[in-house]
Every structure is written in structure tokens, then in C-alpha cells.
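Here's a quick briefing for anyone meeting this structure for the first time. Take a look at it, then read on.

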Amino acid sequence: MLPRRHALYGGLGALALAPILRKQSAIFLVSSVLFDVDHYLWYVMTHSDWSLRNALRFFNHVRSGNANLNGCDARPFHGLSNVALLGALSLRWRFLRPIFLGILFHSLLDAYSENRLNPFLPLGWRNLVSKRS
Ligand SMILES: [Zn+2]
């Protein structure tokens with residue numbers, strides 16, 4: 001999912017959770033958007049290039065089909081085990097809870113947009129986000 005989509009949906013999620021999270025809804029929003037920083041870190045590690053502009057250009061080429069990742073996972077932090085670990089840590093340390101919720105929200109949006117949640121969704125909801133992206 002594109003970062004601007006994460007910002008839009010993260011903002012809506014932060015607004016919806018504001019009565020519960022209060023000021024921490026801003027942390028929810030930031031973590032739900034910045035979780036994709038692992039794409040950039042992957043790009044830096046594999047291309048030895050710190051240019052954010054070049055990284056964005058590269059991933060736009062990948063998205064358009066003009067480049068590929070050669071089977072590499074460009075999202076090393078996006079795994080279920082990492083999200084589950086952060087969830088477990090947030091049970092112990094309260095300050096991690098809005099970060100965990102933002103990252104969980106981000107991960108669910110990614111899974112939904114990539115049709116990985118289809119088995120759990122009603123027929124009318126399937127592919128709804130990916131058709132609009
Ligand atoms: Zn993501």
C-alpha cells in the first residue's frame with residue numbers, strides 16, 4: 001500500500017481511536033505510517049545508497065513492474081512474529097501500546113490490500129482497497 005494511503009487510513013484510525021488513546025493517537029498515526037521505514041532500510045542495505053528519492057523511485061519501478069526484488073523480502077519488519085513480539089512487549093510496557101496498535105493497523109491494511117485477508121472477509125469486502133489503490 002502506498003504511504004499516502006497509509007497516512008489517510010492511519011489518520012482516520014487515529015481519529016476513531018482518539019477518544020480512547022487521547023494524545024497517544026498521534027503516536028498511533030506516526031507509527032502506522034512510518035512502519036514502512038523498513039522498505040527504505042532494505043533499499044539502503046541492498047543498494048548502498050542513502051537517497052530517499054532513489055529509494056522511492058526504485059519502489060515505484062517495482063510497483064509498475066519495471067523492476068523486481070529478485071525474490072527478496074523488502075519488508076523485514078513486517079512479519080507476524082515481529083508484530084506479535086511488539087504486542088507482547090506492549091503488555092508489559094504501556095508506552096508501546098499506541099505504537100503496537102499503529103503497527104498492527106498498518107499490517108492489517110497491508111494484508112487487506114494484498115488480498116491476504118480474503119479468507120476472513122465477506123465477499124463484498126474482498127479486494128475493496130486494492131481496486132482503489
Ligand atoms: Zn507496509
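A residue is called buried if 20 or more other C-beta atoms lie within 10 Å of its own, exposed if 12 or fewer, and partly exposed in between, with C-beta atoms placed from the backbone. What you're looking at is a predicted model, where local features need pLDDT of at least 70, side-chain atom pairs count only at pLDDT 80 or more, and totals for chains, interfaces and linings use all residues. Residues are numbered from 1 along each chain as its sequence is written.

**Two loop residues**

- Serine 48 sits in the loop between α3 and α4 (helices are DSSP runs of H or I, at least four residues, numbered from the N terminus).
- Serine 48 has 7 C-beta neighbours inside 10 Å, so it counts as exposed.
- Its phi is near 50°, a positive value in a residue other than glycine.
- Over in the loop between α1 (3–21) and α2 (25–34) you'll find arginine 22, with phi near 55°, again positive in a residue other than glycine.
- Arginine 22 counts as exposed because it has 10 C-beta neighbours inside 10 Å.

**How α3 and α4 pack**

- Helix α3 (residues 37–47) packs with helix α4 (residues 52–64) at about 100°, their axes 10 Å apart; axes are lines fitted to C-alpha atoms over the stretch in contact, and angles run from 0 to 180 degrees between N-to-C directions.
- So α3 is roughly perpendicular to α4 (that label covers 65 to 115 degrees).
- From α3, His39, Tyr40 and Tyr43 meet Leu52, Ala55, Phe58 and Phe59 of α4 (contact means C-beta atoms, placed from the backbone, within 7 Å).
- By class, this contact has 6 nonpolar residues, 1 polar and no charged ones (Ala, Val, Leu, Ile, Met, Phe, Trp, Tyr, Cys and Pro count as nonpolar, Asp, Glu, Lys and Arg as charged, the others, Gly among them, as polar).

Technical notes:
Angles under 35 degrees count as roughly parallel, over 145 as roughly antiparallel, 65 to 115 as roughly perpendicular and the rest as oblique. Two residues are in contact if their C-beta atoms, placed from the backbone, lie within 7 Å.
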